[in-house]
Amino acid sequence: MAHEVRTFETTFAGRKLVVETGKTSELTNGSCWVRYGETVVMANVTASAKPRDGIDFFPLSVDYEEKLYSVGKIPGSFLKREGRPTEKAILTSRMIDRPIRPLFPKDMRNDVSVVVTVLASDVDNSPEIAGFIAASIAINISDIPFAGPIAAISVGLVDGEIVLNPITAQREVSDLNLTVAGSADKIVMIEAGANEVPNDVMLNAIAAGHEEIKKMVAFISDIQKEIGKPKFEFNSMEVPTDMFDAIYDFAADRVKVALDTNDKNVRDERLQPIVDDIHAKFDEVYPEQEAVIDECIYKLQKKIVRRWLLDEQKRVDGRGMDEIRPLAAEVDLLPRVHGSGMFTRGQTQVLTVATLGPVSDAQFLDGIDEDVEKRYMHQYNFPSYSVGETRPSRGPGRREIGHGALAEKALVPVLPSVDEFPYAMRLVSEVLSSNGSTSQASICGSTLALMAAGVPIKAPVAGISCGLITEGDRWMTMVDIQGLEDFFGDMDFKVGGTHKGITAIQVDIKIDGLTMDIIAEAFEKTEKARKYILDDIMLKAIPAPRDHVSKYAPKMKSTTIATDKIREVIGTGGKVIQKICAECDVKIDITEDGKVFVLGIDQENVDRAMYIVETIAKDPEVGAIYKGRVTRLMNFGAFVEIAPGKEGLVHISKLENHRVEKVEDVVQPGDEVYVKVTEIDDQGRINLSRKDAMNDIAKKNAQA
């Protein structure tokens, strides 16, 4: 029997948003379509009838699926169908996952799947935001237990004014790309890229977004009241109180001693025999409950750490609440690479390597948005040895892609334009050791590597994280959280930025949300820590970007020519450009709008090739001096090619300052000579003078 088809309408950031339910996907637990402008997104939510056996976590999967038919594209792959998700899709899946995960019951073990599919997408109405709202609606009207609703919004900053859900033209000039998710009372997720935005401006943008979110949350609540299903009962996997109390009494004192160290390896060594003793004592008391006993051990450690932090203001490694772990920064660790930097924070250590290449090496993107390429690529690798484990490498997962994107977002605002620095840049962060905040160490390491590589960044960027412990109305924050504090805490508030302001934010929380007071304190603490890291650590390792690229890096020059001259530079069948590349040992890329990039290992060859390109692209001018090649000799003079396809005559009387009897006494075919344009006649014929060029050059040298 078909469900009742229902339609709901509201206004969201000044534009109509329509929700449709009951028409499709009858077998799901919850489903809806959201129409926002000409963007159409479908969300489907399902849950297993029984809990999955043998797991000690809530099994949630979130997939955001971009369909290229949504923007009228045919996939470019050999199979002509969508393959693995794009990085943008993976990041959107994570953006939806992070805020909804804490709102499901922690003691539920039923599998839950959230699938958001983009069916149609226009350029002005974000399918990511529409997809988030669709997911929230589908979960809330389903029978799956969930402490929602929540909603999300995009916030921009155009000419100093806050803009909600900016359209494409506004996004292109916005100093802020902020996504905020929230409930009626609290903020549940923040993700941002920004052009050095100050704390107070960022807070105002978050608050403005939250005001609009509250209206959407009320709208979703009304839908849930009308058509929402009763929530199903589930088998709670909550740890029995008597079991936890018994294990706590047996092992708490020993666990406190084991945890009280700043060395992760020592802590793990101390804990292992205690864990073995707990199982030896309680496995027989609670048969076939090994997984539950492990959960008790986790909760035991969590309780001890949280009590230390909240009640005693004590951190595991003995630091003060606003004290940063020991830091170190180095550059030039590797020969031959174009730039390298290593940043160490306690037992967290990240090596970042920079590689420069031609602009044509930019990454091409095959997604549903307007972005078709990016010239700055940041990739993050997290091998198992970094946490002392033995696990085979299986390529980057969602976490690695997310951390790489965060570091990339933090550095993009300070990068030089392609006209200032005509290179593609690939940064790879290798996590060598991990005890919390590796993504922020990647930001620091990337800044070091870029500066060492001679990339003229506008300002250095550092990253730092802030943690949180809450209990009822009580809360406290601590800066630079290590792994244990992240694992047992309630928040990982990551902020990257310069002295001037914020360039990136990513906030992960494990509770129902954050107040504006918590966010403001996190901003204040991370700003202070960020400036200390920049001034006292990073800038002492390398005070400014190098004024030159590595001798192993390709040398690059760029210019812009008239589009009607592109054909002349390329030549028939590419003969001209191929000849330049062969003679000068360079690579030349020309874009449709007339930008020319010349790349080579030898700077002199690059300069020579650029000179030839510019000579071809510019019509000869009377009085200009060119370096040309003698092509043929005649009794009355020599013909000199000043650029491919552009040849002029040097009359015998213009070869030297004295009388010349024979042309071959002065020049031979193949000789390179400097010549000056003395005349261009009505037929376009070019007359040249070698002696005038030599005289002008000699006069200039004498003046110098």
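Reader: By class, how many nonpolar, polar and charged residues does the lining of the largest cavity have?
Author: This is a predicted model, where local features need pLDDT of at least 70 and side-chain atom pairs count only at pLDDT 80 or more, while totals for chains, interfaces and linings use all residues. Residues are numbered from 1 along each chain as its sequence is written, and side-chain values use heavy atoms, without hydrogens and water. The cavity (points on a 1 Å grid over the protein atoms alone where a 1.4 Å probe fits but cannot get out; lining residues have an atom within 4 Å of a point) is lined by Leu 91, Arg 94, Arg 98, Glu 191, Gly 402, Ala 405, Leu 406, Lys 409 and Gln 506. With Ala, Val, Leu, Ile, Met, Phe, Trp, Tyr, Cys and Pro as nonpolar, Asp, Glu, Lys and Arg as charged and the others, Gly among them, as polar, the lining has 3 nonpolar, 2 polar and 4 charged residues.

Reader: Which helix gives the most to the lining of the largest cavity?
Author: Helices here are DSSP runs (H or I, at least four residues), numbered from the N terminus. H1 and H8 (398–411) each supply at least two lining residues. With 4 residues, the one giving the most is H8.

Reader: How is H1 set relative to H2?
Author: The axes of H1 (residues 87–100) and H2 (residues 127–141), lines fitted to C-alpha atoms over the stretch in contact with angles from 0 to 180 degrees between N-to-C directions, come within 11 Å and cross at roughly 40°. Angles under 35 degrees count as roughly parallel, over 145 as roughly antiparallel and 65 to 115 as roughly perpendicular, with the rest oblique. Therefore H1 is, relative to H2, oblique.

Key. 1 Å grid on protein atoms, 1.4 Å probe; cavity = no way out; pocket = protein on both sides within 12 Å on 5 of 7 lines; lining within 4 Å.
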